[in-house]
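Let's take a walk through one part of a protein model together.

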Amino acid sequence: MAYSIEELRQRYPRQETLKRILELSSLGTLMSDSIVIPKYKIPPSLHESIVFTPAGKELVRSLSSSRSVNWGELRIAVFNHLYHDELFVDPEETDIDNIRNGLSVEIQAGKVRYPFIFGRELYDKAYEEIGNDSLQALDAAQTQKFLEGTSAGIFQSGETVVGPWGALKSREYRSVPPIRDPLLYHCEKPGCLTAHRIRLATSDTRIAEVSHRLHRKLSSKVPSNWPRFFEELHGSLSGRYDDRRSGGIIAFLGECFTGDELISIAHSAFSNRDLAFREVCFSQGVSVKDANAFLAGRTKQEVMQLLLLMRDLEIVSSVDKYALSGKLKVPSGEVRVPRLNHYTTGAFDTRLECTSLGARVVSSNARVSMQRLHRLVSEVYEQPELKKRLDWKIRNLEGDTFEQKLRHYLSTEDVRKVISGLFLTGPDVFEAAASKLSLSFTGEEEDHALAERMSWKLGFPNVTHDVGVTGLRSRVQDMREVTPRATPSREDEERVRGSSVHLFVELEKSLDSALCFSTWLTEFDHWAAHPRFTYSHAEARRFMAATLTERARKTGKDISYDPAGVNTLFPLIMGFGLLASHLEEISDTRHEFLRPTEDTPSMFRSSTLVEFGYPYKMPFLNFSAESMEVILTQFRSIARVLSEGKVLNVRNSLEHHREEFPDCADVLTSLVAIEKYCDVVEECGLIPITFRMVGHSSDSFGRARYHYEDGGGRSVSVPTYSPVLLTGQPKFSKDQILVPGVRIANSDLTPRFSLGVSSPYVEMWSDWPRNRSVGLLKESLEVDSDRESLDISSSESA
């Protein structure tokens, strides 16, 4: 008979017993989903510590009729199933530590292994070694050959984390069980951004035969209620209902940090006595006396497995400490997230990410951040004296009760003002809030920086500090204030010369940024790039230098551009005219830039519902006719306005070694010209400015708009509806570069780009994704014709 959930609760009332049953189940999962070597034999150390219940003993006896199956294989097969109507293994008498140690020995001996899927090691190997005819599944022989020489895989089921150190017991219960169908390739379709799976196979063992018989035997009975019985406890232990945890912790460590960075994070953990990381390692047989000596030469996987012995919050705290030390090179604007195994987990769809502010668990549900803020206020102001202080602060707000007034305050006031007003008013409330948020701090941060970090920890987006040409406008104003309207005195001249140094440095910097971005925007194939629609200023400058130097040569102009950025005012101003003439020439030969049909996603070749937004390899030709005309007009306008505004003459005359001081009227004219330049590049979006989403709206017909602001408060609204589609642009919710003055042809869509940066993380994921070439042949994994044929199954769709 199958026990009901209520009957199971009555039979097993002790939570400690239930936790032991869950850990037995977890060990069974780690065994059954592993990949074993050919002709693998179960050692006594894996099964001798198992104590079966009467039901388990009877089940083992009923399956022992086959002489081809030995005693250990029978016992492990029953152990892996663990329960159906009755529990097959005695949770109190079975020695869990001994079983874990037995598994550990097998892993370290290389007899039981797992693929290392959290990173690109196997992905790159699959690209180089697995041909198109094996993209759905590898047989056992192919799997063994494919995994040969690769790193030990890391997974965790329950409290047991497996990896190069074997099987160790973690302080945190997690549910990241082994998988044998990892994400290993992007298909040949140019529009494919979703990685696909390849099924790996374990070597044939008699356990599989027994398990199949056991499954048939048990499936004929009434379905078991054990899985539902354990669902709530398993969810609670694994953090399914905890918005401060994410099941993506292993992917976070493996795909967001290099090996050297993980070693530094481990150093951070060893130096924090509150974490007792040394003691945790020692309890698992790993002795660490001197952290430097111990970590020297350790592999990425070794460090990952040891870090996973800690709790999730302790790992995040160690990353925070390393980031705040300034040693973790995360540039402003970079958000490190897993690139291959990028999924959200739990009831709140949480994921881990790392920026220059540290690490955080963020939800894909925007409401969670406000719910967290409400909870934080309630927890910090729980004490009567503090609650009285809060009640006084919100006494005049709308609402009849304290809770109504608090909800009104949180729903109407700026979030960062709420944080500053409630948590930065004294050490008592700040330290309580910082503790709840696991916020590391040095005690030297300014209030605005602490408010920003607390806001970010809660899950709110970063504040963008990108102000575009605001700095240049400020320098123009400074220059105007020191420029006399009459004949200048010697003191006036010195003040003007001093101010001009800062002005023209800022102008050259702005022109360099605008010219690089404008050239990249109009001539660089964003859709075919890796990654797509991602702007890197250094790469754009190199592209601009090569493109415009060649254009100048062809038109007989003696101008060249330095890819390192050492470009003076004259070539920067003239560059916009060169760019305009080149684009005009391209427009007359647009057919030469049409993308080959086979390079466009198949959906657009087959459907009449949607249209591909980038049919031309030259982006300029993908813009609307009106946008193309505006761009050409503005490029010519920049060159003309700055030339006619005597900007070059004034700059040259104000250099300190020049005797002659320019006419003040000319100085003021040049300032007007620079302001006109600022208006043009800002209004059209010809200079890269980062915008942050501040809201979105939609109607019942599915028509939505996203609303953005830049650091200067300028607003831009972007629609989502369009018959034209693009793949690879940044998510609407992310910080991104917008080009407000340009539209994609046949749509109202605005070009949008991710901000590319240079870092170890970017380098780790360079040349990503690696879409396969059609017809790639398998050579290194060929097997003899008499071997078992491949087990073919359908893969994920693109």
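In this predicted model, look for strand β12 and strand β13 (residues 715–719), which pair in the antiparallel sense over 5 bridges. One spot to look at is arginine 705, which stands opposite proline 719 in β13. The hairpin of β12 and β13 has 5 residues between the strands, and there glycine 713 takes a positive phi near 90°.

Now turn to the other neighbour of β12. Strand β11 (residues 690–698) also pairs with β12 in the antiparallel sense, over 6 bridges. You can pick out individual partners here: glycine 695 is bridged to histidine 707 in β12, while serine 697 has arginine 705 as its bridge partner. The hairpin of β11 and β12 has 5 residues between the strands, with glycine 702 at a positive phi near 85°.

What holds paired strands together? Strands of a sheet pair through backbone hydrogen bonds, either parallel or antiparallel.

Next, which residues of β12 lie on its covered face? Follow residues 704–709: Ala704, Tyr706 and Tyr708 make up the covered face, whereas Arg705, His707 and Glu709 make up the uncovered one.

Step back to see the whole sheet. It is an open sheet of 6 strands in the order β9-β16-β15-β11-β12-β13, with mixed pairing. Its edge strands are β9 (534–535) and β13, each pairing on one side only.

Finally, how confident is the predictor? The mean pLDDT of the chain is 90, and 95% of its residues reach 70 or more. Over residues 774–798, however, the pLDDT is below 50; this stretch has 52 contacts in the model beyond near neighbours in sequence.

Conventions
Residues are numbered from 1 along each chain as its sequence is written. This is a predicted model: local features need pLDDT of at least 70, side-chain atom pairs count only at pLDDT 80 or more; totals for chains, interfaces and linings use all residues. Side-chain values use heavy atoms; hydrogens and water are left out. Buried means under 20% relative accessible area, exposed over 50%, partly exposed in between (1.4 Å probe, protein chains only). Helices (H or I, at least four residues) and strands (E, at least two) are DSSP runs, numbered from the N terminus. Two strands pair if DSSP finds at least two bridges between them. pLDDT is the predictor's confidence in each residue, from 0 to 100. Contact means heavy atoms within 4.5 Å.
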